Amino acid sequence: MFYLLSVDEEKIKPEKSNASSLIEFILLGFSDVPNLQWILFGIFLIMYLTILMCNSTIVLITRTDPALQTPMYFFLSNFSFVEICYVTVTIPRMLVDLCTQKGNISILACATQMCFILMLGGTECLLLTAMAYDRYVAICNPLHYSLVMNHRICTQLVAACWISVIPVVIGQTYQIFSLPFCGSNRINHFICDIPPVLKLACGDTFVNEIAVYIVAMIFVMVPFMLIIFSYCKIICSILKLSSAKGRTKAFSTCSSHLIVVVLFYGTAGITYLQPKPNQSDITGKLLSLFYTILIPTLNPIIYTLRNKDIMAALRKLLSKILV
């Protein structure tokens, strides 16, 4: 992903190739800071291992601890699994390119990475919506909670989050990589994301940009509005509770999810709903770093530190391991 600026002048010039002969891209990454390559490698490696360890722990304890066999933790377990998949699509490639100091990536590999990034990102959006619906039913309709959110319904919701995204993402990826790339093959980014790839396409990309906006509206804005609606209902129900202790407990069960929603949807919305010419390369990289590395690192910390049940299950697991 990272192409050092210390190469000779001939290599710095944009490579001209026609659409039929272009077989690979070069991800420039953070080539403007070549002296920081190994520092970035160390930081990203530590964050990747942290994400794997924390999310794997959440998956383990939510599947094995009897006290966590509820719909809320079922969704959290699936969300943590998607987070593991998401960072595995992006970070290992970054680490390899930091070691080799090259950013060559075939068009097929680039399309595959983009497809999985979009698929897993869309699945996360829908899972967050399902988690908000779970909290809505639990707080606003508690008497029917066990009936409405039974295991079969929860499984169907998770399956729908995956199945509904896959055909749309495959179609959009095919549409983008069907464009002719007849100019430079250098992507000023560290992953194959939509905005930097579209910048390299020749001809009119208006239809593709409209398609990106439509998909972003469906998988980002619509779920976000549903989450906002759910939380408006939740807050109204919480405020009606007569017990201050009850209100505090209800708010605490939702706060972690709400923080994650704001972080995730904020960066995703800015990335995919902003017009292509208005997004600078530096802004795009920073936003991508935020939602590909930083947010997945913070998510398990937010969910564990603010959740007494998970902390209790974690202490129980550690006591079993250490004894």
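**Cysteines, then a helix pair**

Select Cys254: its sulfur lies 8.7 Å from the closest cysteine sulfur, that of Cys140, which is too far for a bond (a disulfide is a pair of cysteine sulfur atoms within 2.5 Å). Cys254 counts as buried because its relative accessibility is 4% (buried means under 20% relative accessible area, exposed over 50%, partly exposed in between, with a 1.4 Å probe and protein chains only).

This is a predicted model, in which local features need pLDDT of at least 70 and side-chain atom pairs count only at pLDDT 80 or more, while totals for chains, interfaces and linings use all residues. Residues are numbered from 1 along each chain as its sequence is written, and side-chain values use heavy atoms, with hydrogens and water left out.

Next, select Cys110 and Cys192, which form a disulfide with sulfur atoms 2.0 Å apart. A search of the whole structure finds 1 disulfide. The Cys110 and Cys192 link is left-handed, with -120° about the S-S bond. Cys110 sits in helix α4 (residues 107-140) and Cys192 in the loop between β3 (186-187) and α8 (194-198), so the pair ties together parts 82 residues apart in sequence (helices are DSSP runs of H or I, at least four residues, and strands of E, at least two, numbered from the N terminus). Both Cys110 and Cys192 are buried.

Move to Cys154, which is in no disulfide; the nearest cysteine sulfur, in Cys161, is 11 Å away. Cys154 counts as buried, at 2% relative accessibility.

Finally, select helix α2 (residues 37-64) and helix α3 (residues 71-100), whose axes come within 9 Å and cross at roughly 160° (axes are lines fitted to C-alpha atoms, for helices over the stretch in contact, and angles run from 0 to 180 degrees between N-to-C directions).
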